[in-house]
Structures are given as C-alpha cells and as structure tokens.
Amino acid sequence: MFMIFSSIMVLLSFSHPTLAKEGDNDKQLLISDDEFDAMIARSPTAEDYNENVGRKYSKKQKEYLLNCGIKMDVSDPDKCIEEVLAEIIQNKSASRDCCLGIVKAGKECHMEYMKLLFQIYQLRRFTSKRFSKANEIWNRCSTEIGALSPYSG
C-alpha cells in the first residue's frame with residue numbers, strides 16, 4: 001500500500017511540480033538526484049543481503065550445519081538441496097537418495113538447514129511455507145526410508 005501511495009505521489013509531483021513544494025517558500029520536498037543516487041548506492045544487493053545472513057551465524061552454528069551436510073552423506077548435496085526446495089516450492093518430491101540423506105542427518109539438522117535456506121534473499125518470500133513443508137518432507141522421508149534409528153534425530 002505504501003509503495004502504491006509513494007508511486008502515485010512521485011508521478012503527481014512530476015506532472016504537477018507545484019504539489020512537490022512545501023508552501024510559500026518554494027522549497028522542493030523531493031530529494032535531489034544526487035541524494036537519490038546516494039540512497040540507492042547504499043541499498044544492499046541480494047548478494048550483500050545473503051552475506052549478512054551468513055555473518056549472523058556463529059562459528060559454532062556454521063560448524064553444526066557443515067557437520068549436518070557431512071552426516072547426510074549424499075553423492076550430490078547441491079542436487080539434494082534443489083530437490084528439497086522443489087518439493088517445498090513446487091510440490092515435487094525429493095528423491096529416495098535425498099530422503100536417505102535427510103534421515104541420516106536427523107530432523108534437527110534438516111530443520112536448521114531449512115531455516116538457513118529460507119533466509120536467503122531469493123527464497124525469503126517462501127518462508128511462510130518453510131516450517132510446515134519441512135515437517136512434511138521429514139515425515140515423508142522418515143516414513144519412506146523407515147526407521148534408521150542410529151541416524152534419526
């Protein structure tokens with residue numbers, strides 16, 4: 001709503017410059033081109049955003065997530081991550097190999113990985129689906145793979 005209002009105000013100020021003035025003193029309310037350029041230059045990119053997400057994790061948390069990845073012991077971890085994301089976002093099913101890795105790593109590892117992934121700029125709009133779908137994936141995978149009690153968490 002704010003964006004719509006702001007857009008309308010900007011368009012009006014261009015079509016009616018007198019509307020963009022404070023009153024009798026003819027001082028412009030809109031910022032100058034230089035101020036605008038400086039403001040945009042300070043806006044973080046998606047890459048900056050993702051780097052900031054990574055910085056928020058302590059060394060201990062990063063080591064934990066790394067160990068989770070090692071516990072999964074899948075042949076192609078990137079493919080498994082893509083499959084899990086596709087299951088959450090597109091309702092496709094992750095492969096049995098990926099499910100085996102998820103179950104080996106344990107539920108806590110799976111949920112922490114999902115928490116991290118959905119903080120990434122490109123995925124944050126799907127955050128509302130993360131928890132319920134991550135649980136669904138865990139339940140489906142653990143049922144499909146069966147009880148691997150030494151590995152489940």
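**Loops and core**

Guide: Asp73 sits in the loop that joins helix H4 (59-72) to helix H5 (77-90). Please note that this is a predicted model.

Visitor: What is the phi of Asp73?

Guide: Its phi is positive, about 50°, although Asp73 is not a glycine.

Visitor: Is Asp73 buried or exposed?

Guide: Asp73 is exposed, with a relative accessible area of 55%; the cut-off for exposed is over 50%.

Visitor: And where does Asn91 lie?

Guide: Asn91 lies in the loop between H5 and helix H6 (96-105). Asn91 also has a positive phi, about 60°, and is not a glycine. With 58% relative accessibility, Asn91 is exposed.

Visitor: Turning to H6, how many of its 10 residues are buried?

Guide: Seven of them are, so H6 is mostly covered, given that buried means under 20% relative accessible area. Among the buried residues are Cys98, Cys99 and Ile102. The cover over the buried residues of H6 includes H4, H5, H7 and H8.

Visitor: What follows H6?

Guide: Gly106 does, and its phi is positive, near 105°.

Visitor: Now the largest nonpolar core: which residues touch the most other members?

Guide: Val84, Ile102, Met114 and Phe118 do, in a core of 29 residues. At least two residues of this core come from each of H4, H5, H6, helix H7 (107-117) and helix H8 (127-145).

Visitor: What is Phe118 in contact with, leaving aside neighbours within four places in sequence?

Guide: Phe118 is in contact with Leu85, Ile88, Leu123, Arg124, Phe126, Thr127 and Arg130.

How values were computed. Residues numbered from 1 in each chain as written. Predicted model: local features only at pLDDT ≥ 70, side-chain atom pairs only at ≥ 80, totals over all residues. Heavy atoms only, no water. Helix = DSSP H or I, 4+ residues; strand = E, 2+ residues; numbered from the N terminus. Buried < 20%, exposed > 50% of the residue type's maximum accessible area, 1.4 Å probe, protein only. Core = buried A, V, L, I, M, F, W, Y, C linked by side-chain atoms within 4.5 Å. Contact = heavy atoms within 4.5 Å.
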